Amino acid sequence: MATLGSDTESKILGLSLDLDGVTLKPIRCYALSEDRRELYKELTGEIESITAVVCETDSGLVETLVDTDSGEHIKFEDPILYTEVAIPSLVEAQFEETGVWCLSRGTEQGVEAEKAILFEKYAEAIQQDPPGCLATLRRLLQAGPVTSVYSGGGNGNYVASHEGFALRMPPAEVPDWQMTNDKGELVDIPRPALNLRVWSPEDGAYNTIDPVLTGAPRTIEEAEAWFVSVVRKLKGSNYIGAEILDRLACSERTVSTEPEFETAGGFSNKWTDLVVATSL
C-alpha cells in the first residue's frame, strides 16, 4: 500500500467523516492503488488522487474513500434504499476465468440477501407451466442451470437491463445477455457470476464470497440431476409436452404456434442434448 506524505496523512486523518449519520473515526490511510481506482471509476468519476481511509465504528472497521486534494468524502448513495455505502464495501464479481472484475451495487449483506431468494425466483421462471414466454424458456433451457448469484432484473422501463439486482457486468457484454420475448419486450437472461470478492479493511486484502445460491445444486452432477427433473416436469405438461420441448430447446426461434408448432434454426449444446435425452 502506497504511503502518503505526513502533511497529507495528518489532513486526512483529521477529517470528520460519516456514513448515514454514523460517525467514522479515521485511524489510518493510504493512497488507493491504480487498479482499484480504475475499478471504482464509474462511481468516483475522474478524481485523480484518491485516499483510502480505514475507520473505526461501533460495529467494526470500515474503509472509505476521500478525494486527496479536496478532502471530499466519496461514497455511494443507493438509489433504491436511499442509504450511503462505503464504496470499498461493495462486492465485486467476475463472470469468466481471468475476466475483469466488476463493481456491484451491493454490499456483502445485500448480496447474501439476494442469494437467499434468487434461486427460487429462477426456478419458478424456468418451470412456469404454461410458460409465460416460449422464447424465454428456450434461452433458459439452452443456458443450463443457474446456480450462482446472477445479474439481471431489468424491466426495460424503469430499471435498466441487468441493473435490477446487485451485480454488474461490463457494459459491452450486456447485449449478449438480452433477448426479445414473444411480446416484443426486452428481457434479461440471468448471467451467473463465477467468482465474488469483497475488500476487507481488517486484512487490507480481498476476501472471497461463496457465489452459490441458497437451495441451488453445488456440484455438476447435482445440477444435471436438477435440470433433468425440470425437463421431466415440462415434458409432462399438458401445455408443452415432450415433442414441443425438444424442438423448442434445439431451435433458434419460433415461427408459429398455431395451427402447428414450428421452429427455425438449429442449436445444440450439453444442455439441449440433455433435454432431448430425457424421457418421462
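## A hairpin to start with

Ser256 stands opposite Glu262, a residue of strand β17. Strand β16 (residues 253-256) and β17 (residues 262-264) run antiparallel and are joined by three bridges; two strands count as paired if DSSP finds at least two bridges between them. Five residues lie between β16 and β17, and the two strands form a hairpin. Strands (E, at least two residues) and helices (H or I, at least four) are DSSP runs, numbered from the N terminus.

## About the model

This is a predicted model, where local features need pLDDT of at least 70 and side-chain atom pairs count only at pLDDT 80 or more, while totals for chains, interfaces and linings use all residues. Residues are numbered from 1 along each chain as its sequence is written, and side-chain values use heavy atoms, leaving out hydrogens and water.

## An open sheet

Next, meet an open sheet of four strands, ordered β9-β8-β14-β15 with antiparallel pairing. β9 (101-107) and β15 (205-209) stand at the edges with a single partner strand each, so one side of each has no neighbour in the sheet.

β8 (residues 90-94) pairs with β9 in the antiparallel sense over four bridges. Here Ala93 stands opposite Cys102 of β9.

## Two packed helices

Helix α5 (residues 134-143) packs against helix α7 (residues 241-249). In α5, Leu134, Leu137, Arg138, Leu141 and Gln142 meet Leu245, Leu248 and Ala249 of α7, where contact means heavy atoms within 4.5 Å.

Methods: Axes fitted to C-alpha atoms, helices over the stretch in contact; angles between N-to-C directions.
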